Amino acid sequence: MLTLTRREGERIAIGDDVEITIVDIGRGKVRIGIAAPRTLAIVRSEVLARIEEENRRATRELVPPLAPEPDDVIEIPAGLPGLRDHKRFVLTEVPGYPAMRALVSLHDTFVRLMLVEAVLLDPHYPVHEAHARVGLEGEEVAVAIVITLPRDGRAPTANLLAPIVIGLTSRRGEQVVLDGLGLSARTELAPDASADARPSAPL
């Protein structure tokens, strides 16, 4: 690991596109500013750890076996936080949940995430911000939210903080983190909210 000493106001360049500025030093904390392309993920490690845990929790809680149907394969080249080995998926319907699709890993079909379109949960969801975070300019995308359905009857939760963005033409996707917008990785939903929603267009 490279260790550098910097004073307030000094900068560090990483490649041609990233610049880090020491904004303020004091009270045991350092405030930094980062100038980088919007498509470059910059995430606090504790937020990334939260997303990883939510993805793993979502796959643990989904119990009923699902049979993925042959469909266009969705490639997620970087994998998903907490599930980095899983890069190729298919979408399948989920009995009893008409608004949902399961994103099923082709590496291990027991790894699957329940998805619902973001605008069904919140018509004002920042889909444009999510779209801007991936390199799919000019392509129509689906922005989906991971839903966790607890086995013990607790209310389902939605990971609004980290939507999955899928290009409808390229069939490539990425899970992005919308940090700084006040979104939660575990937003509790009404028990029937995710089942009753009706999609405006399929993922």
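This is a predicted model: local features need pLDDT of at least 70, side-chain atom pairs count only at pLDDT 80 or more; totals for chains, interfaces and linings use all residues.
Buried here means under 20% relative accessible area. In a regular strand the side chains alternate between the two faces of the sheet. You can follow that along S7: Arg112, Met114 and Val116 point one way, while Leu113, Leu115 and Glu117 point the other way. Both sets are buried, the arginine and the glutamate included.

Now look at what lies beside S7. Strands of a sheet pair through backbone hydrogen bonds, either parallel or antiparallel. S7 runs antiparallel to S6, and four bridges join the two. Leucine 103 has leucine 113 in S7 as its bridge partner, and the two strands form a hairpin with six residues between them. S7 is also joined to strand S8, residues 141-148, again by four bridges and in the antiparallel sense. To find this pairing on your screen, pick methionine 114, whose bridge partner in S8 is isoleucine 147.

Strand S6 covers residues 101-105, and five bridges join it to S5, with the two strands running antiparallel. Valine 90 and valine 104 are bridge partners in this pair. S5 itself spans residues 88-93 and is joined by two bridges to strand S4, residues 74-75, which runs antiparallel to it. There, glutamate 75 stands opposite arginine 88.

Further back still is an open sheet of three strands, in the order S1-S2-S3 and with antiparallel pairing. Its edge strands are S1 (11-14) and S3 (29-35), each of which pairs on one side only. From one strand to the next, the twist averages 25°. S1 pairs with S2, residues 18-26, over four bridges, and arginine 11 stands opposite threonine 21 in S2.

Next, turn to asparagine 159, which is found in strand S9, residues 157-167. Is this residue buried or exposed? Asparagine 159 has 2% relative accessibility, so it counts as buried. Leaving out residues up to four places away in sequence, asparagine 159 touches Ile51, Glu54, Ile145, Val146, Gln175, Ser184 and Ala185. Isoleucine 51 is 108 residues away along the chain, yet the C-alpha atoms of asparagine 159 and isoleucine 51 are separated by 8.1 Å.

Among contacts with a separation of 6 or more, 55% are between residues 24 or more positions apart. Overall, the secondary structure comes to four helices and eleven strands, and 40% of the 203 residues count as buried.

The last stop is empty space. Rolling a probe the size of a water molecule over the atoms shows where empty space is left. The largest pocket has a volume of about 440 Å³. Which residues lie nearest its centre? They are Leu40, Ala41, Ile42, Val43 and Val177, out of a lining of 21 residues. The lining as a whole divides into twelve nonpolar, three polar and six charged residues.

Conventions: Residues are numbered from 1 along each chain as its sequence is written. Side-chain values use heavy atoms; hydrogens and water are left out. On a 1 Å grid over the protein atoms alone, a cavity is a set of points where a 1.4 Å probe fits but cannot get out, and a pocket is an open set with protein on both sides within 12 Å along at least five of seven lines; lining residues have an atom within 4 Å of a point. Grid points are joined across faces, edges and corners, and a volume is the space filled by probe spheres set on the points. Ala, Val, Leu, Ile, Met, Phe, Trp, Tyr, Cys and Pro count as nonpolar, Asp, Glu, Lys and Arg as charged, and the others, Gly among them, as polar. Two strands pair if DSSP finds at least two bridges between them. Axes are lines fitted to C-alpha atoms, for helices over the stretch in contact, and angles run from 0 to 180 degrees between N-to-C directions. Buried means under 20% relative accessible area, exposed over 50%, partly exposed in between (1.4 Å probe, protein chains only). Contact means heavy atoms within 4.5 Å.
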